[in-house]
Amino acid sequence: MKSQLLDIFNRRHACHLFQVDQALVEDDLNFILEAGRLSPSSFGLEPWKFVVVTKPHEKLALQAASFQQPQLGTASAIIVVLGKLADMDPDSDYLRRLMAREYPGDALEGALNNYRAFHAATDVKAWCDNQCHIAAANMMTAAAGIGIDSCAIGGFVADDVLRLLEIEPSRQFPSLILAMGYCAQSPGEKQRLPFQELVEYR
Ligand SMILES: Cc1cc2nc3c(=O)[nH]c(=O)nc-3n(C[C@H](O)[C@H](O)[C@H](O)COP(=O)(O)O)c2cc1C
């Protein structure tokens, strides 16, 4: 199991050009999305939404919104990971519904008060963004596990992406875009700092 997992982490690489006209099987795409859905989140609030784009003209529009990065136009599917900014408001119905799962019954009101203080003291967008990246990483690893290549795209114009997806900016923001498909190029050698330089046992 250890070597299989490490093999998947080694195999995943940022693909910069995909083979066009290679559709992803829906079952595979749903498997990848399920890995995102099962990701951990702060307070269990799942502050993400996954929008799947497969139509050629929409992929090209996302490419245009991302400094013309060719991964997006050539990808078989694109997953836009959105952060649920407005739903994190302490007074939102969503927040109450999800907090009630973690803090059922009498525990809810106290937990909501604690959350209200946390929310006021926190950069909520950055907090959501960090968590969206965890879900995105899990989806890229899951994809690599079933032989599907990916590229995380953080280089995009957020306002353009929101306009394309017809999303109200005060409600959600694009955290990361994942291009998925079958790579048209062989990966280069993995570039990573040596283990000893990164890890410090105390
Ligand atoms: C948050 C984030 C944003 C990224 N944005 C882009 C991007 O806009 N375009 C791109 O080609 N690669 C992007 N990448 C991919 C990285 O460049 C790539 O993961 C890194 O160079 C390491 O290479 P590897 O993934 O092949 O091991 C992004 C990766 C992350 C984690």
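The protein has 9 helices and 4 strands in a predicted model. Read from the N terminus, the order of elements is α-α-β-α-α-β-α-α-α-β-α-β-α. The C-alpha trace spans about 55 × 50 × 30 Å along its principal axes.

**Shell around the ligand**

- The ligand has 15 residues around it, and those that come nearest are Ala14, Gln69, Gly154, Lys190 and Arg192.
- Strand S3, residues 149-153, contributes the most to the shell, with 3 residues.

- Arg192, one of the residues that come nearest to the ligand, places a polar side-chain atom 2.9 Å from a ligand oxygen atom.
- In His16 the side chain is involved, and one of its N or O atoms is 3.3 Å from an oxygen atom of the ligand.
- On its own the ligand has 620 Å² of accessible area, of which the protein covers 58%.

**Packing of helices H2 and H7**

- Helix H2 takes in residues 26-37 and helix H7 residues 124-145.
- The two helices pack at an angle of about 145°, and their axes are 7 Å apart.
- Their crossing is right-handed.
- On the H2 side, the contact is made by Phe31, Ile32, Leu33, Ala35 and Gly36.
- On the H7 side, the contact residues are Ala135, Asn138, Met139, Ala142 and Ala143.
- The contact residues of H2 and H7 comprise 8 nonpolar and 2 polar residues, with no charged ones.

Key
Residues numbered from 1 in each chain as written. Predicted model: local features only at pLDDT ≥ 70, side-chain atom pairs only at ≥ 80, totals over all residues. Heavy atoms only, no water. Axes fitted to C-alpha atoms, helices over the stretch in contact; angles between N-to-C directions. Left-handed = near helix turned anticlockwise from the far one by under 90°. Contact = heavy atoms within 4.5 Å. Nonpolar A, V, L, I, M, F, W, Y, C, P; charged D, E, K, R; others polar. Near = heavy atom within 4 Å. Polar contact = N/O pair within 3.5 Å; in protein donor to acceptor, adjacent residues only side chain to side chain. Areas by Shrake-Rupley, 256 points an atom, 1.4 Å probe, with all protein chains shown as cover.
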